[in-house]
Amino acid sequence: MAARLTLASIATSNPMGAEAYQEKIRAQAPRALAHAGGEWTVRSLRVRSLRSPLDGNRRLPLSRVAAASSGVRRLLARGLYAGDAVSHRMNLELPPHPTRDVVTIHDTVAWRFSDESPPVPAAAEEARRAAAVICVSEFSAEEVARLLHVREPVVIPNGVDARFYDAAPLSEDRRRIHGIPARYLLHAGGASRRKNLEVLAEAWPRIRAERPDLTLVLAGPEHARRTALFAGVEGVRMTGRLPAEDMPGLVAGAEAVVIPSLYEGFGLPALEAMAAHVPVVAADTTALREVVDDAGFLVPPTAEGILAGTLEVTQEHADLASLVSRARLRAAAFTWERCAERHAAVWANVR
């Protein structure tokens with residue numbers, strides 16, 4: 001009889017890197033399990049709140065579930081995962097399978113930053129009891145071990161969407177629709193405190209003075225902090241969230257991608273830029289140094305660091321082509337197929 005794996009996630013109207021991970025693992029799981037051996041079926045469980053208009057196949061009072069005691073959550077899980085050989089939670093808000101629980105923890109920002117969503121009260125205890133905890137980088141695994149006291153989390157790096165390897169810059173028509181000029185520096189993502197946009201805002205006027213033909217494009221969901229920092233600043237274009245189909249072209253057309261973050265559990269925007277042959281200027285912090293390594297400009301997370309790195313990558317010099325080529329080769333090592341195969345090995349071991 002085939003064993004059933006449930007991949008459980010929460011529907012969201014604001015998909016970011018964690019949601020990209022969920023969709024890729026969900027798509028790759030059947031093939032990866034076939035290679036792992038044994039007979040499996042895969043169930044996709046998309047949970048949404050009681051009144052949510054989002055797509056999903058199960059409704060729960062999510063805020064109450066997240067705040068519930070570990071005992072209540074275990075009781076709820078019995079019905080949620082009945083019949084599972086393995087249940088893989090991709091959101092900590094969801095309750096764990098009583099015995100065969102696999103959980104992904106991308107980072108520990110909930111415990112470290114007050115402007116992020118607060119931690120699920122039972123999350124640390126549940127992670128310690130899990131059959132397996134998957135982390136997306138060595139850095140995030142070290143954080144989970146140190147802060148949550150989880151023993152031996154499994155490190156499985158993310159992949160990069162194949163569309164970025166073949167991406168052509170956005171057409172002039174698509175750029176015009178989004179108000180994007182021909183030459184631009186790109187930052188894509190969120191705007192919470194850990195994203196460290198203050199140093200980019202401080203560095204930008206000086207970058208603009210040296211590179212007056214460059215525009216700073218800020219792509220991502222609307223956020224009051226980003227607006228407060230950049231509204232009315234010369235040479236800045238805030239696009240809001242762009243359609244997913246436009247993102248590879250947006251990255252491919254940039255002069256460079258800038259990531260000044262103080263804390264990242266992985267750093268998917270850096271990897272996407274590397275795959276698209278675009279130089280990366282990233283803060284020499286947390287998982288960014290692990291992902292970028294020697295294939296980009298790692299700089300101090302300061303205005304001076306961002307200024308120096310950006311001026312370096314936006315001038316012509318012989319080393320830049322070599323750097324971009326090295327980055328492309330490095331990005332090729334991060335595939336969703338390999339990521340899913342390593343997940344399948346965890347699922348098979350837990351079963």
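**Close-up views of a predicted model**

**View 1. Asp 284 and its contacts.** Leaving aside residues up to four places away in sequence, Asp 284 touches Arg 289, Leu 298 and Val 299. Contact means heavy atoms within 4.5 Å. Asp 284 sits in the loop between β12 (280-283) and α12. Helices (H or I, at least four residues) and strands (E, at least two) are DSSP runs, numbered from the N terminus. Buried means under 20% relative accessible area, exposed over 50%, and partly exposed in between (1.4 Å probe, protein chains only). Leu 197 is 87 residues from Asp 284 in sequence, and their C-alpha atoms are 15 Å apart.

This is a predicted model: local features need pLDDT of at least 70, side-chain atom pairs count only at pLDDT 80 or more, and totals for chains, interfaces and linings use all residues. Residues are numbered from 1 along each chain as its sequence is written, and side-chain values use heavy atoms, with hydrogens and water left out.

**View 2. Gly 309 in helix α13.** Helix α13 spans residues 303-313 and contains Gly 309. The relative accessible area of Gly 309 is 3%, so the residue counts as buried. Which residues does Gly 309 touch, not counting those up to four places away in sequence? They are Val 281 and Val 299. Val 299 is also touched by Asp 284. Gly 296 is 13 residues from Gly 309 along the chain, with 9.5 Å between their C-alpha atoms.

**View 3. Helix α11, mostly covered.** Helix α11 takes in residues 268-275, and seven of its eight residues are buried. These are Leu 268, Ala 270, Leu 271, Glu 272, Ala 273, Met 274 and Ala 275. After α11 comes His 277, with a positive phi near 65 degrees.

**View 4. Helix α6 and its cover.** Helix α6 (residues 138-148) has Phe 139, Ser 140, Ala 141, Glu 143, Val 144 and Leu 148 as its buried residues. An α-helix has 3.6 residues a turn, so residues three or four places apart point the same way. What covers the buried residues of α6? The cover includes the helices α4 (109-112), α5 (123-129) and α12 (286-292). It also includes the strands β6 (132-135) and β7 (154-155). His 149 follows α6 and has a positive phi, near 60 degrees.

View 5. One cavity of 30 Å³ or more turns up in a search of the whole structure. A cavity is a set of points on a 1 Å grid over the protein atoms alone where a 1.4 Å probe fits but cannot get out; lining residues have an atom within 4 Å of a point. Grid points are joined across faces, edges and corners, and a volume is the space filled by probe spheres set on the points. The largest cavity holds about 60 Å³. Its lining is Arg 74, Pro 96, His 97, Pro 98, Thr 99, Asp 101, Glu 126, Arg 129, Ala 130 and Ala 131. By class, four lining residues are nonpolar, two polar and four charged. Ala, Val, Leu, Ile, Met, Phe, Trp, Tyr, Cys and Pro count as nonpolar, Asp, Glu, Lys and Arg as charged, and the others, Gly among them, as polar.

**Context. The protein chain.** The chain has 15 helices and 13 strands. Buried residues make up 53% of its 351 residues.

Methods. 1 Å grid on protein atoms, 1.4 Å probe; cavity = no way out; pocket = protein on both sides within 12 Å on 5 of 7 lines; lining within 4 Å.
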